[in-house]
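Dear colleague,

My notes on it come after.

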Number of protein chains: 2
Amino acid sequence: MLSKNQIKLIKGLSLKKNRTQLKLFTVEGRKGIIEFLNSDFKCRSIYSTDPELFKREQVSVISESDLRRISQLKTPNKALAIFEIPKETIVDESGLIVALDDIKDPGNLGTIIRLCDWFGVTEIICSHQTVDCYNSKVVQASMGSLSRINIHYLNLEDYLRSYSNPIYGTYLKGVSIYQTHFTMQGILLMGNESNGISQSLEALVTNKITIPQYVKVIETESLNVATATAICLAEIKRSI
Amino acid sequence: MLSKNQIKLIKGLSLKKNRTQLKLFTVEGRKGIIEFLNSDFKCRSIYSTDPELFKREQVSVISESDLRRISQLKTPNKALAIFEIPKETIVDESGLIVALDDIKDPGNLGTIIRLCDWFGVTEIICSHQTVDCYNSKVVQASMGSLSRINIHYLNLEDYLRSYSNPIYGTYLKGVSIYQTHFTMQGILLMGNESNGISQSLEALVTNKITIPQYVKVIETESLNVATATAICLAEIKRSI
């Protein structure tokens, strides 16, 4: 059985300020937990309703009602683990980097993390206003991919200003991605869901790129940021 | 002020059986409503908290509390309109068709509708087990694109069996989309979020295609169905 203090601590991790202070976050469900256990992330504890689910010392078997108390899912999924948030590392600039300018939706960030994992992009840099990648909805949507990607929160303007390779920013009006020469080293910059790329970053974009639209009458509506990232990453990886 | 019967009827449209019986569905928010007003969809009524929002006869001005009662959104967005579900039409086979095999998530269907709109695909065919496109979450996620796309629910197996052009099915192991010859007329078949394409449809797929993965160690995890659709549509439209 979980103590009141344990429940309070674990539930508290739904808030960013507590995650930041304690340097801890939660992962739910067997599959996701195993992906983090197989990564460099340090596991602090595992709570499971099924003693057979994991063969590790630190598993605490808890009741279904206790799991419901600590879970952030509508339908808790047998297990919840607490992992340490890793120390901030230096951005590896040897390949393609994805930069996110104030992405707010946890589902979008999770999907983009999963895409980067698929396309072999190991580095994501995020503005400080981008949703926290250790938010449980992001962890859930990233389907374990978060355990393999390095995510850095930083002052995006300062970073882009000091970056010396091409910065490809996605716009509704730009050069077609099929007519753009992409380089092995570069940044793919994706903007906020409603406002796109901030004006303060626009001057730092070296290549304005666009995904061609195939309709006679151009509608103003843009693509969802995660699907736009998917198309750009696929094309960059195909062409370089 | 709305009568109890009106509230009951509108709220009832959150259920598929009522939508099917009454041939009606709801659209929320000014922007989405206007896109449907500008389409061939027939508007039955509009309820708005702001009399200035629409300049049309059939607008009923209601209170914010009434809007909260009939809205399916957590944060109601000023207006709700009721539109008629159009009569089933014949599938236009003159171009590319997207086929969905039991897509369950409303957000995924909405995103795929938006993608089809972007890429000029006017026809989507769905298995009967695919989530209803007039589900309010689908309407919301499609951002008005639903008003421009023809969606057909049918027996997918029968349809594919009688179809004479190529059927491109997405698999984890298939021919790279970059090595596939796509034709102007054809079907792009996308499978269920968890199980992929049904076994019963596999024999009907003429081309098994795959999105190349760019990592050294192949992870078993697949891409999200909406992002996979995005990448396939972009590549098909680029290459044909």
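Predicted model: local features only at pLDDT ≥ 70, side-chain atom pairs only at ≥ 80, totals over all residues.

Chain A can be superposed on chain B by a rotation of 180 degrees with 0.0 Å of shift along its axis, at an RMSD of 0.0 Å. The two copies are therefore related as by a two-fold rotation axis. Both copies use the same surface, since 100% of the contact residues of chain A recur in chain B.

The contact between them draws 25 residues from chain A and 25 residues from chain B. On the side of chain A that touches chain B, the elements giving two or more residues are helix H5 (106-118) and helix H9 (225-239) of chain A. H9(A) provides the largest share, namely seven residues. By class, this side of chain A has 13 nonpolar, six polar and six charged residues.

**Helix H9 of chain A**

As H9(A) gives the largest share of that side, I looked at this helix in more detail. At 1.5 Å a residue, its 15 residues should span 21 Å, and the end C-alpha atoms are 21 Å apart, which agrees. The helix is mostly covered, with 12 of its 15 residues buried. Among the buried residues are A:Val225, A:Ile231, A:Cys232, A:Leu233 and A:Ile236, and also A:Glu235.

What covers these buried residues? The cover includes strand E5 (96-100), H5, strand E8 (167-176) and strand E9 (186-190) of chain A. Helix H5 (106-118) and helix H9 (225-239) of chain B also belong to the cover.

**The nonpolar core**

The largest nonpolar core has 130 residues, of which A:Val98, A:Leu188, B:Val98 and B:Leu188 touch the most other members. Leaving aside neighbours within four places in sequence, A:Val98 is in contact with A:Ile112, A:Cys116, A:Val121, A:Ile124, A:Leu188 and A:Met190.

**The two domains of chain A**

Chain A is divided into domain 1 (4-84) and domain 2 (96-239). Their centres, taken over C-alpha atoms, are separated by 30 Å. The contact between these domains takes 14 residues from domain 1 of chain A and eight residues from domain 2 of chain A. On the domain 1 side, helix H2 (16-22), strand E1 (24-28) and helix H3 (30-37) of chain A each supply at least two residues. The residues of this side divide into four nonpolar, five polar and five charged.

**Individual loop residues**

- A:Phe182 lies in the loop between E8 and E9 of chain A. With 20 C-beta neighbours inside 10 Å, A:Phe182 counts as buried. Not counting residues up to four places away in sequence, A:Phe182 touches A:Ile236, A:Ser239 and A:Ile240. A:Phe182 and A:Lys237 are 55 residues apart in sequence, and 8.9 Å apart in space, C-alpha to C-alpha.
- A:Lys23 is placed in the loop between H2 and E1 of chain A. Its phi is near 60 degrees, a positive value in a residue other than glycine. A:Lys23 counts as partly exposed, because 14 C-beta neighbours lie inside 10 Å.
- A:Met143 lies in the loop between helix H6 (136-141) and strand E7 (150-154) of chain A. A:Met143 is not a glycine, yet has a positive phi of about 50 degrees. A:Met143 is buried, with 22 other C-beta atoms within 10 Å.

With kind regards

Terms used. Residues numbered from 1 in each chain as written. Chains lettered and ligands numbered in written order. Contact = placed C-beta atoms within 7 Å. Helix = DSSP H or I, 4+ residues; strand = E, 2+ residues; numbered from the N terminus. Nonpolar A, V, L, I, M, F, W, Y, C, P; charged D, E, K, R; others polar. Domains from an automatic or database assignment. Least-squares fit on C-alpha atoms with pLDDT ≥ 70 in both. Expected span 1.5 Å × (residues − 1). Core = buried A, V, L, I, M, F, W, Y, C linked by C-beta atoms within 7 Å.
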